[in-house]
Amino acid sequence: MEGIEHRTLNVNGINMHVAEKGKGPVVLFLHGFPELWYTWRHQIVALADQGYRAVAPDLRGYGDTDAPKEVTSYTYFHVVGDLVALIESLGVESVFLVAHDWGAMIGWYLCLFRPDLVKAYVCLSVPFRPRNPKMKPIPTMRAFLGDDYYMCRFQDPGMEDEIAKYGSEAVLKKILIDRTPGPPRLPKENPFGISTNDKLPLWLSQDDLNYYTTKFDQRGFTGGLNYYRALDLNWELTAPWTRVKVNVPVKFVVGDLDVVYTTPGIKEYVHGGGFKKDVPMLADVVVLEGAAHFINQERAQETNSHIYDFINKF
């Protein structure tokens, strides 16, 4: 990670920590939960070496970026607003976008709200999810996936205490290395399925885990959890964008063991025509065999190649 520079920018009323390297067209990387700019360490170096300016912020609520306490400060409008201000502060008119997990969700709404700012989008793991005007997200998830479904459990204001009970390191480790397909569930007893026998994979070192742990011990998990807690509010606020299509060139990359991809209904949406209907400029869907959720770390070189091969066309 030699040569990665760090600075703090004031954007949209908050102080945002940004890591960056390289010169050239900007590639903006958006991380998910429970992560940081650090999840993109391999991509930052690779894209910088290929002639791009790689920029990876800690999103609001994470790491060294400010973390407002109120759930209402984590709507799509707040976070996309942060990114619009960040792009302006970089002195460019538009960027290539690469995003994963919650970052991917935010990425879709950046494309939806401000397609003029995105040259092309490489989306990892989470496809576009069109707003259904008749189905409020959390009640719908409870009905179809149960109260133990992780997004439902994250609504619980006591979730931070449950995480603290097991410790940041153990929880982060379990989430990052888990390869169980299907919708994640957090039962009341040992919700994270933590075992002392869990070993780190080759793609995640103890130093990597220590970095994540240190930052989450400092910042806490509330900011990250608030993205989930604002889901119903986002559904209410985005009513004017019902059935609006995403008009940005997109490449979608996902692991075949990914917890989102293996959730009921997602494969059918991705491959059955629904995804292409909602995202008319969807150029490619790539499924990596034997890969789980955190593909940008687990399969870093392949991910780097997929990113470069797509954005190099523009």
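Before I start, one definition: when I say that two elements are in contact, I mean heavy atoms within 4.5 Å. What you see above is a predicted model.

I'll begin with the sheet. It is open and has 8 strands, in the order β1-β2-β4-β3-β5-β6-β7-β8, and the pairing is mixed. At the edges are β1, residues 5-11, and β8, residues 282-288, each of which pairs on one side only. On average, neighbouring strands are turned by 20 degrees against each other, ignoring direction.

At the β8 end, strand β7, residues 250-255, runs parallel to β8, and 6 bridges join the two. Val253 stands opposite Val286 in β8.

Now the helices. Helix α3, residues 102-113, lies across β3, β5, β6 and β7, and runs at about 155 degrees to β6. Helix α14, residues 300-311, also packs on the sheet; it touches β3, β5, β6, β7 and β8, and its direction makes about 155 degrees with that of β6.

Is Ile307 buried or exposed? Its relative accessible area is 0%, and buried means under 20%, so Ile307 counts as buried. Leaving aside neighbours within four places in sequence, Ile307 is in contact with Phe29, Gln43, Leu47, Val98 and Val122. Val253 is 54 residues away from Ile307 along the chain, and their C-alpha atoms are separated by 9.3 Å.

Last, the annotation. UniProt, in an unreviewed entry, lists residues 25-147 as "domain: AB hydrolase-1". Over that stretch the chain is 36% helix and 19% strand, with the end C-alpha atoms 44 Å apart.

Technical notes
Residues are numbered from 1 along each chain as its sequence is written. This is a predicted model: local features need pLDDT of at least 70, side-chain atom pairs count only at pLDDT 80 or more; totals for chains, interfaces and linings use all residues. Side-chain values use heavy atoms; hydrogens and water are left out. UniProt positions are given in the numbering used here, feature names are shortened, and annotations may be inferred rather than shown by experiment. Helices (H or I, at least four residues) and strands (E, at least two) are DSSP runs, numbered from the N terminus. Two strands pair if DSSP finds at least two bridges between them. Axes are lines fitted to C-alpha atoms, for helices over the stretch in contact, and angles run from 0 to 180 degrees between N-to-C directions. Buried means under 20% relative accessible area, exposed over 50%, partly exposed in between (1.4 Å probe, protein chains only).
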